[in-house]
Amino acid sequence: MGGLARRVSYTERFRERLAQIPSLLADTGYFLTDERSAHGELRPDVAAKDAWVAKAYDQFPVDVVNLSSRDLKYFSRFLSKPEFDTRAAASPLLRKLVSANTVAASANMVSPQPFVVREVPVRHGNGAAAVLRVAFVGLTETETAPPSGFKFTDPVDAAKHAVPEARKRADLVIVLGNLKPENATRIAREAPGIDVMIVTNSQSNGAIFTPPAQGDKTLILFTSFETRMLGELRFYRDPQGKFSTVSRYITLDDAVPDHLAAKQLTVSAAQVETNTRDASKKLLEDWLAASRMRKSSRSVESDMSAGSGPAYVGVNTCARCHRDQYLRWSVSSHARATDRLPPRQTEFDASCLKCHATGWREPTAGSAELPGLQSVQCEQCHGPGAEHASKPARGYGRITDIKAACSACHRSDTTPGFDLQVAWAKIKH
Amino acid sequence: MRNKTTLKRVQLAIILGAVAVCSYVLPLHIGASIGYGQVTNRLEFVGVGVPLDKSTGPDDGAVLAVHFMGDTHGNLDTCG
């Protein structure tokens, strides 16, 4: 059930058949995948999939989207000041994201707007204003750690600030929440002025439908589990201007035909996800095979001429003179840094080799050379050694700031709990 | 596969039926006057197997319809 193709079919048919009823499409959030790599980054296949979801929301436009803490990981890269306007011109979705409790923590980042106001033509004017103004306020749970450059504030406090502002500018105030039901009820009670809250149903434990609730004067509705049923909230207004509603849940089963273009996009997105995953596995397998071959069948001297820039010679060359250091290294985790990669094939990308191999060079235009040496060898910290190996002299590769050298890879996100003193004691040489 | 789909449909129909009955019998539904514009709410389900032209329902004089979704976790395809 559910799915983009059926959803688009329904909303398009609604607009055709019921053209006199203005309609808006809203998403309460957690609409992207949030599966992370071992170091907390979005996996490459997941990032590719999320990009297609964003594309779908532009191609089949959604009017407003609540940016949940789960979705921020993907969008944070697009919310930097230098790039935002350019990005938003290409993807209108960026200006449709709302969150009242997600805030930029750095001057370089853009805070999502706390709410947006959409205007629809009034069907039965009754001499009143010609448009109906509907404010959508976004709120998210804060259980997921925010990405760099952002912070979450308390959703209740944020609602207390945003709702009165929205109320001033709109006839109806709707909160879109990625919230636990108990928090939704609390917000409805403590932030007066909300007509309706529509809340993501992530806490339902698989129940397809969660009944509406009431928080003080606020109607609280829940999305159907994974949107297997599309929600539809119809508003009616009596001659005194009072609203009543019907909340409808439309089952998106196979009686709702697929919208062809949307189905095509869905198939393409799945293909890109699969291809990205396969490419990750292949890249890793190819690299392991090539670097194994180099280790076993090629002399390290032959690596000296490989690629551009200073050449790497490999640990065996170092060991000819630095035997004690080699022995110490050979029993360390650095000597097995590549071993950790194979079990996580689907999340592999070339940047893993920055810290799990030796000889990484930042890719430049026309150059995507991968490091040739497995694991973290001498030259990963001390630099390429070809010149030193050919003309040995004191002073090569001396590290003056150990903390800076180690923290290039051992950061809080990659190595939680990393203790420099303890780690250094293990490899001191 | 067909049996599994049929079973799921029956399960869904039972759930929707139970919820619909509850919403009329129990006071959990939003029958009371609520909201800052004194909103009253009624609940409706469009169950399995309803053709698209019927599922949209008639033009009943609504001044606005807000379609809502969420919790899709990056999934564009059908599931369940």
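## Close-up views of a two-chain predicted model

View 1. Seven strands line up as β3(A)-β2(A)-β1(A)-β2(B)-β12(A)-β13(A)-β1(B), making an open sheet of 7 strands with mixed pairing. The edges are held by β3 (97-98) of chain A and β1 (41-46) of chain B; each has a single partner strand, so one side of each lacks a neighbour in the sheet. Strands here are DSSP runs of E with at least two residues, helices are runs of H or I with at least four, and both are numbered from the N terminus. Two strands count as paired if DSSP finds at least two bridges between them. This is a predicted model, in which local features need pLDDT of at least 70 and side-chain atom pairs count only at pLDDT 80 or more, while totals for chains, interfaces and linings use all residues. Residues are numbered from 1 along each chain as its sequence is written, and chains are lettered from A and ligands numbered from 1 in the order in which they are written.

**View 2. Here are the strand pairs that join chain A to chain B.** β12(A) pairs with β2 (residues 64-69) of chain B in the antiparallel sense, over 5 bridges. Within this pair, look for A:Arg234, whose bridge partner in β2(B) is B:Ala65. β13(A) and β1(B) run parallel, with 6 bridges, and A:Ile250 has B:Val46 as its bridge partner in β1(B). Lying across β1, β12 and β13 of chain A and β2 of chain B is α1(A), which runs at about 160° to β1(A) (axes are lines fitted to C-alpha atoms, for helices over the stretch in contact, and angles run from 0 to 180 degrees between N-to-C directions).

**View 3. This is the side of chain A that touches chain B.** In total, 81 residues of chain A are in contact with 50 residues of chain B, contact meaning that C-beta atoms, placed from the backbone, lie within 7 Å. β13(A) gives the largest share of the chain A side, 9 residues. That side divides into 40 nonpolar, 24 polar and 17 charged residues (Ala, Val, Leu, Ile, Met, Phe, Trp, Tyr, Cys and Pro count as nonpolar, Asp, Glu, Lys and Arg as charged, and the others, Gly among them, as polar).

**View 4. Two helices of chain A, α5 and α6, pack together.** Helix α5 (residues 155-169) meets helix α6 (residues 181-190) at an angle of about 35°, their axes 10 Å apart. A:Pro155, A:Val156, A:Ala159 and A:Lys160 of α5(A) make the contact with A:Asn183, A:Arg186, A:Ile187 and A:Glu190 of α6(A). By class, the contact residues are 4 nonpolar, 1 polar and 3 charged.

**View 5. A:Ser224 sits in the loop between β11 and β12 of chain A.** A:Ser224 is buried because 25 other C-beta atoms lie within 10 Å (20 or more make a residue buried, 12 or fewer exposed, and counts in between partly exposed, with C-beta atoms placed from the backbone). Leaving out residues up to four places away in sequence, A:Ser224 touches A:Asn201, A:Ile208, A:Phe209, A:Met229, A:Gly231 and A:Tyr249.

**View 6. A:Ala105 lies in the loop between β4 (102-104) and β5 (115-121) of chain A.** With 15 other C-beta atoms within 10 Å, A:Ala105 is partly exposed. Not counting residues up to four places away in sequence, A:Ala105 touches A:Gly149, A:Phe150 and A:Lys151.

Notes:
Contact = placed C-beta atoms within 7 Å.
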